[in-house]
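Please keep the sequence and the model in view while working through it.

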Number of protein chains: 2
Amino acid sequence: MRGDNGPVKKSVYIYSPSGAVQDKVAFKRGVRRLTQLGYAVEVDADALTRFTRFAGDDDTRLRSITRACASGADVALISRGGYGLTRILDRIAYAEVAHAIDGGMHFVGISDFTAFQSAVLAQTGRCTWAGPALCEGFGVGGADGLVPDDIMEDCFQDLMLGQGEGAGWRQDASGYLPADDTAIATDAILWGGNLTVLTSLLGTPFFPQVDGGVLFLEDVGEHPYRVERMLTQLLRAGVLGRQRAIVLGQFTGYRLVGHDRGFKMARVVEWIRTHTTVPVLTNLPYGHVQTKVLLPVGAQVDLALSGRDAMLFWGHALPDAAHEHP
Amino acid sequence: MRGDNGPVKKSVYIYSPSGAVQDKVAFKRGVRRLTQLGYAVEVDADALTRFTRFAGDDDTRLRSITRACASGADVALISRGGYGLTRILDRIAYAEVAHAIDGGMHFVGISDFTAFQSAVLAQTGRCTWAGPALCEGFGVGGADGLVPDDIMEDCFQDLMLGQGEGAGWRQDASGYLPADDTAIATDAILWGGNLTVLTSLLGTPFFPQVDGGVLFLEDVGEHPYRVERMLTQLLRAGVLGRQRAIVLGQFTGYRLVGHDRGFKMARVVEWIRTHTTVPVLTNLPYGHVQTKVLLPVGAQVDLALSGRDAMLFWGHALPDAAHEHP
């Protein structure tokens with residue numbers, strides 16, 4: 001039941017490790033929404049700080065991460081993405097992050113947060129969660145008439161209660177369809193996130209070295225030719241070929257132009273498929289969209305197909321610490 | 001003297017290895033201009049072909065490159081950039097390209113052509129030229145009243161006559177200013193080009209492995225935060241720190257937004273300088289601008305500074321084959 005998450009309130013710590021919050025009304029609406037859902041919400045002292053386009057200078061944002069780690073909250077949720085984590089990846093106190101995760105904290109975010117998630121996986125092997133940000137997830141509303149998405153909120157609640165065990169979705173017409181229903185991957189590391197942010201870590205110590213994994217990808221505002229160029233880089237760098245599956249989420253917010261003359265995202269999927277034998281699944285409900293699932297980056301997952309329907313399971317394989325706050 | 005390049009006409013082969021030509025009027029104007037300058041111009045059979053956004057499908061564009069190699073022209077000049085070379089880097093006949101270069105051919109281009117230039121350097125060690133494309137360089141005019149840039153055309157003529165020996169320019173206020181006039185680099189490999197295209201090759205076999213080089217970079221339509229993210233990737237991948245100098249060309253065509261609040265390209269230059277001791281020079285007249293020099297990618301160069309004035313020399317170090325068509 002919404003608004004009732006057990007005898008002890010689950011808690012959310014809101015902080016801003018990336019871009020400055022631009023829409024403070026959405027921020028406040030998001031905090032109110034989380035409170036309505038029954039969570040105890042704590043807002044970081046610098047959550048609304050601004051330094052040029054960033055939520056405070058690099059030192060400020062690093063201190064915010066440290067405070068999030070020390071907060072003891074069940075979830076540390078970013079206010080928004082943008083750009084900023086890349087700059088400070090070499091200065092994050094990964095031992096503090098790992099200690100917080102081992103103590104039961106779930107770090108949740110999206111977009112620029114892929115930099116943090118990838119670096120945490122690369123540096124500590126720990127699990128973080130790809131999911132909403134406060135403003136775009138819980139803060140929608142007002143003039144646009146949107147309300148927070150049910151599926152996203154349910155997944156968030158499942159995470160809080162340690163009840164989430166997987167996600168299922170239907171691939172679109174361009175989905176991967178083997179001749180028979182099949183298990184694509186078993187005990188494979190789930191990783192990925194925003195394609196642009198992930199690719200921008202390639203060649204650095206913050207790019208996870210995952211073999212036999214399930215790589216999920218989404219992006220926003222990137223033309224298909226740019227998506228293709230990035231996927232081709234991951235392909236030629238040997239990253240795609242080492243995975244058990246590539247799972248494409250939502251690619252949104254780009255604009256095709258007359259010059260494209262039929263070049264579109266479906267052509268990009270075809271291009272990648274002609275260059276790798278790794279299954280490329282489509283239409284994962286994750287990305288810069290309202291309806292999205294939460295995904296454990298760095299966790300072991302199983303991936304199975306039944307016709308167009310894909311199922312991703314992780315409940316069995318998550319460390320106990322990720323289920324229950326001590 | 002313009003229009004008189006010696007007893008035997010120098011020749012230019014026009015081909016389209018990347019995006020489809022969108023402005024055929026500019027294309028024709030460019031061919032006319034090169035003819036007026038006294039060059040014999042040959043146009044590839046598929047120079048104006050289109051397949052979706054590309055100048056023909058991958059096979060077509062590969063054949064165009066092969067025909068350019070076999071043309072015997074003094075210069076093989078791309079019609080335009082766009083996107084397309086990345087797709088075919090693994091299928092280019094590098095031995096043919098190397099043979100053509102050894103025979104005296106100069107491959108000239110910009111933007112997407114950086115993929116070709118980097119791959120040729122990585123795979124063969126041969127020298128190609130960063131310079132204009134036909135349409136944007138020689139094809140300007142018409143309603144916009146532009147004429148081809150004098151400096152660009154002079155540099156092109158110098159290349160044709162084997163007379164180019166270097167380029168000098170004045171850094172802007174954010175330039176690198178050592179305490180004393182100094183030689184920054186001697187016998188260093190010059191490489192680089194478009195930052196986005198170059199970075200998209202990182203981790204692949206087509207990214208040149210250059211130590212102690214002079215890395216020049218330009219870009220168009222990339223917000224400073226994206227430029228910073230790419231430079232930070234090259235930095236963390238160890239690429240910047242291995243160079244003798246980083247030379248920033250023109251970064252144009254992006255749009256700052258209100259949210260930036262003072263974050264701009266100058267901040268990016270500062271950011272990189274705080275993270276490397278390698279000199280970062282500015283304002284190289286190269287990029288998506290009319291006034292630009294031609295630069296030998298893969299050649300050995302000397303780089304010297306006198307106050308704000310920078311000088312790049314390559315004449316002494318170019319192989320003879322690059323000077324004279326046998």
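1. In this predicted model, the crossing of helices α2(B) and α4(B) is left-handed. Helix α2 spans residues 58-70 of chain B and helix α4 spans residues 94-102 of chain B; their axes come within 9 Å and cross at roughly 25 degrees. Angles under 35 degrees count as roughly parallel, so α2(B) is described as roughly parallel to α4(B).

2. Which residues make the contact between α2(B) and α4(B)? From α2(B) come B:Ile65, B:Thr66 and B:Cys69, and from α4(B) come B:Glu96, B:Val97 and B:Ala100. Sorted by class, this contact has 4 nonpolar residues, 1 polar residue and 1 charged residue.

3. Helix α4(B) also meets helix α5 of chain B, which covers residues 113-124. The axes of α4(B) and α5(B) come within 10 Å and cross at roughly 90 degrees. Angles of 65 to 115 degrees count as roughly perpendicular, and α4(B) is therefore roughly perpendicular to α5(B).

4. On the α4(B) side, the contact with α5(B) is made by B:Tyr94, B:Val97, B:Ala98 and B:Ile101. On the α5(B) side, B:Phe116, B:Ala119, B:Val120, B:Gln123 and B:Thr124 take part. The residues of this contact divide into 7 nonpolar, 2 polar and no charged.

5. The contact involves A:Tyr94, A:Val97, A:Ala98 and A:Ile101 of α4(A), together with A:Phe116, A:Ala119, A:Val120, A:Gln123 and A:Thr124 of α5(A). By class, the contact of α4(A) with α5(A) has 7 nonpolar, 2 polar and no charged residues.

6. How are the two chains related? Two copies of a chain are related by a rotation about an axis and a shift along it. Here a rotation of 180 degrees, with 0.0 Å of shift along its axis, superposes chain A on chain B with an RMSD of 0.0 Å. That is the relation of a two-fold axis. Within chain A, the C-alpha nearest the axis belongs to A:Gly203 and lies 3.0 Å from it. The same surface serves both copies, since 100% of the contact residues of chain A recur in chain B.

7. Two backbone angles deserve attention. Most residues other than glycine have a negative phi. B:Asp187, however, has a positive phi, near 50 degrees. B:Asp187 is placed in strand β7 (residues 182-194) of chain B and is partly exposed, with a relative accessible area of 43%. B:Arg261 likewise has a positive phi, near 45 degrees. B:Arg261 lies in the loop between β9 (245-252) and α10 (265-273) of chain B and is exposed, with a relative accessible area of 53%.

8. Is B:Ser11 buried or exposed? B:Ser11 has a relative accessible area of 18%, and because buried means under 20%, B:Ser11 is buried. B:Ser11 lies in strand β1 (residues 11-15) of chain B. Not counting residues up to four places away in sequence, B:Ser11 touches B:Ala40, B:Gly72, B:Ala73, B:Asp74, B:Val75 and B:Met160.

Note on methods
Residues are numbered from 1 along each chain as its sequence is written. Chains are lettered from A and ligands numbered from 1 in the order in which they are written. This is a predicted model: local features need pLDDT of at least 70, side-chain atom pairs count only at pLDDT 80 or more; totals for chains, interfaces and linings use all residues. Side-chain values use heavy atoms; hydrogens and water are left out. Copies are superposed by least squares on the C-alpha atoms of residues with pLDDT of at least 70 in both. Contact means heavy atoms within 4.5 Å. Axes are lines fitted to C-alpha atoms, for helices over the stretch in contact, and angles run from 0 to 180 degrees between N-to-C directions. Helices (H or I, at least four residues) and strands (E, at least two) are DSSP runs, numbered from the N terminus. Angles under 35 degrees count as roughly parallel, over 145 as roughly antiparallel, 65 to 115 as roughly perpendicular and the rest as oblique. A crossing is left-handed if the near helix is turned anticlockwise from the far one by less than a right angle, and right-handed if clockwise. Ala, Val, Leu, Ile, Met, Phe, Trp, Tyr, Cys and Pro count as nonpolar, Asp, Glu, Lys and Arg as charged, and the others, Gly among them, as polar. Buried means under 20% relative accessible area, exposed over 50%, partly exposed in between (1.4 Å probe, protein chains only).
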